[in-house]
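Have a look at the sequence and the fold first, and then read on.

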Amino acid sequence: MAKKKIRFTNFWGDEISKRQYVNDKIRVLSDMEIFSPNSIVNEKEQAERLRNLRHLTRKILMSCETEVQIDNLARMLIVGKLSPEVFVKKYYDRING
């Protein structure tokens, strides 16, 4: 039996792929400066560290099965319940475990 490809719905009601949906969430998080240089103290490590946090966050969101899961995890970052670093530490083990 072929696996049915799940489609996600963006803000405007258009059906898009999961990758597009997650990329839109990462873009929103970046626009809100969730991944900002101010979140990392050592300036030398900032660019690489921010790139890594963005990559791992995308990977965590891609591991989700539904829009609701993706939205809830993204919301944690948006409302400031978790910093990007704590978020990655908390959820990355779940997808690799």
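## Two helices side by side

Are H1 and H3 roughly parallel or roughly antiparallel to each other? H1 and H3 are roughly parallel to each other, given that angles under 35 degrees count as roughly parallel, over 145 as roughly antiparallel, 65 to 115 as roughly perpendicular and the rest as oblique. Helix H1 covers residues 18–31 and helix H3 residues 67–78; they pack at an angle of about 10°, and their axes are 11 Å apart. Axes here are lines fitted to C-alpha atoms, for helices over the stretch in contact, and angles run from 0 to 180 degrees between N-to-C directions.

On the H1 side, the contact is made by Tyr-21, Val-22, Lys-25, Val-28 and Leu-29. H3 brings Glu-67, Ile-70, Asp-71, Ala-74, Leu-77 and Ile-78. Contact means heavy atoms within 4.5 Å. Sorted by class, the contact of H1 with H3 has eight nonpolar, no polar and three charged residues. For these classes, Ala, Val, Leu, Ile, Met, Phe, Trp, Tyr, Cys and Pro count as nonpolar, Asp, Glu, Lys and Arg as charged, and the others, Gly among them, as polar.

## About the model

This is a predicted model, in which local features need pLDDT of at least 70 and side-chain atom pairs count only at pLDDT 80 or more, while totals for chains, interfaces and linings use all residues. Residues are numbered from 1 along each chain as its sequence is written, and side-chain values use heavy atoms, with hydrogens and water left out.

## The chain as a whole

The chain has four helices and two strands, and along the sequence they follow the pattern β-β-α-α-α-α. Helices (H or I, at least four residues) and strands (E, at least two) are DSSP runs, numbered from the N terminus.

Of the 97 residues in the chain, 30% are buried. Buried means under 20% relative accessible area, exposed over 50%, and partly exposed in between (1.4 Å probe, protein chains only). The chain exposes about 7000 Å², and carbon and sulfur atoms supply 51% of that area; accessible areas come from the Shrake-Rupley method with a 1.4 Å probe, and for residues, only the protein chains shown count as cover. Among contacts with a separation of 6 or more, 57% join residues 24 or more positions apart.

## The nonpolar core

Which residues touch the most other members of the largest nonpolar core? They are Ile-70, Leu-73 and Phe-87, in a core of 21 residues. H1, helix H2 (43–62), H3 and helix H4 (84–96) each supply at least two residues of this core, and the largest share, five residues, comes from H2. A nonpolar core is a set of buried Ala, Val, Leu, Ile, Met, Phe, Trp, Tyr and Cys residues joined through side-chain atoms within 4.5 Å. In soluble globular proteins, nonpolar side chains tend to be buried together.

Leaving aside neighbours within four places in sequence, Ile-70 is in contact with Phe-8, Tyr-21, Val-22, Lys-25, Leu-61 and Cys-64.

Thr-57 sits in helix H2 and is buried, with a relative accessible area of 0%. Beyond its neighbours within four places in sequence, Thr-57 is in contact with Ile-26, Leu-29, Phe-35, Leu-77, Phe-87 and Val-88.

Ser-17 is found in the loop between strand E2 (15–16) and H1. At 17% relative accessibility, Ser-17 counts as buried, and its contacts outside four places in sequence are Arg-7 and Phe-8.

## Partly exposed and exposed residues

Ser-30 of helix H1 is partly exposed, with a relative accessible area of 26%. Arg-54 lies 24 residues away in sequence, yet its C-alpha is 8.4 Å from that of Ser-30.

Met-76 touches Lys-81, Leu-82 and Tyr-91, leaving out residues up to four places away in sequence.

Glu-33 belongs to the loop between H1 and H2 and counts as exposed, at 56% relative accessibility. Although Glu-33 is not a glycine, it has a positive phi of about 60°. Arg-94, in helix H4, counts as exposed too, at 60%.
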